[in-house]
Amino acid sequence: MNDSHRRHLFALLVQLEDTVSRITQAGWMGISPSGGGQRLTPLPPSQWRMLQEALERLVNGYHDALQRLVPELSQQHDQPEPIETTYYWLRVLLGSLHDAILPELDAERFVQRYGELTLQERESLRRLQHTIERELKHVQDIAQMQFLPKR
């Protein structure tokens, strides 16, 4: 197999694992794949176990096939990235959350898009926006820290 084949197999593995993770969030945790709206009703435990076992067989089967086709790729995938990469992605995700949520809580933006608000509703939105901004800043500060492993 050439490098393009290996990269495509790896991309499919990532897609498979990501989709299974979203299935788990929907079926077991009740989190909608749309990222919004009401929570879903999780499956009953016995039904979830059956689905979970089938999903595990699916992922394990792909891993087994990958191990036979390109063993070095499978070993590379199982090797975790350095902690700095985790911090990098946390900062990216938190920045995305900051940019997506805070502007949407702006009272003037609400009025322009959805219609008038009472003064009390505007003030409530401002307080919510400040609270979210403060908490996001705190979480972002934590994600900026470089924790040293204990020896």
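Among contacts in the chain between residues at least 6 apart in sequence, those joining residues at least 24 apart make up 53% in this predicted model. The chain contains six helices and zero strands, and its elements follow the order α-α-α-α-α-α from the N terminus. The C-alpha trace spans about 65 × 40 × 35 Å along its principal axes. The radius of gyration is 21 Å, whereas the globule rule gives 15 Å for 151 residues; the chain is therefore more spread out than a compact globule. Of the 151 residues, 19% count as buried.

Two packed helices are described by the angle between their axes and the distance between the axes. For helix 5 (residues 107-114) and helix 6 (residues 119-144), the axes come within 9 Å and cross at roughly 125°. On the side of helix 5, the contact involves Ala107, Glu108, Phe110 and Val111, which meet Arg122, Leu125 and Arg126 in helix 6. By class, this contact comprises four nonpolar and three charged residues, with no polar residues.

Three aromatic pairs were found in a search of the whole structure. In one of these pairs, the rings of Trp28 and Trp48 have centres 6.1 Å apart and planes at 25°, so the pair is stacked. Trp28 is located in the loop between helix 1 (3-27) and helix 2 (45-69), while Trp48 belongs to helix 2; the pair therefore ties together parts that are 20 residues apart in sequence. With 39% relative accessibility, Trp28 counts as partly exposed. Trp48, in contrast, is buried, with a relative accessible area of 3%, which is under the 20% cut-off for buried residues.

Another aromatic pair is formed by Phe110 and Tyr114, with 5.6 Å from centre to centre and 65° between the planes, an edge-to-face arrangement. Both residues lie in helix 5, and because they are four residues apart, they are separated by about one helical turn. Phe110 has a relative accessible area of 25% and is partly exposed, whereas Tyr114 is exposed at 60%.

How values were computed. Residues numbered from 1 in each chain as written. Predicted model: local features only at pLDDT ≥ 70, side-chain atom pairs only at ≥ 80, totals over all residues. Heavy atoms only, no water. Axes fitted to C-alpha atoms, helices over the stretch in contact; angles between N-to-C directions. Helix = DSSP H or I, 4+ residues; strand = E, 2+ residues; numbered from the N terminus. Contact = heavy atoms within 4.5 Å. Nonpolar A, V, L, I, M, F, W, Y, C, P; charged D, E, K, R; others polar. Phe/Tyr/Trp six-rings, centres within 6.5 Å; stacked < 30°, edge-to-face > 60°. Buried < 20%, exposed > 50% of the residue type's maximum accessible area, 1.4 Å probe, protein only. Rg over C-alpha atoms; globule rule 2.2 N^0.38 Å.
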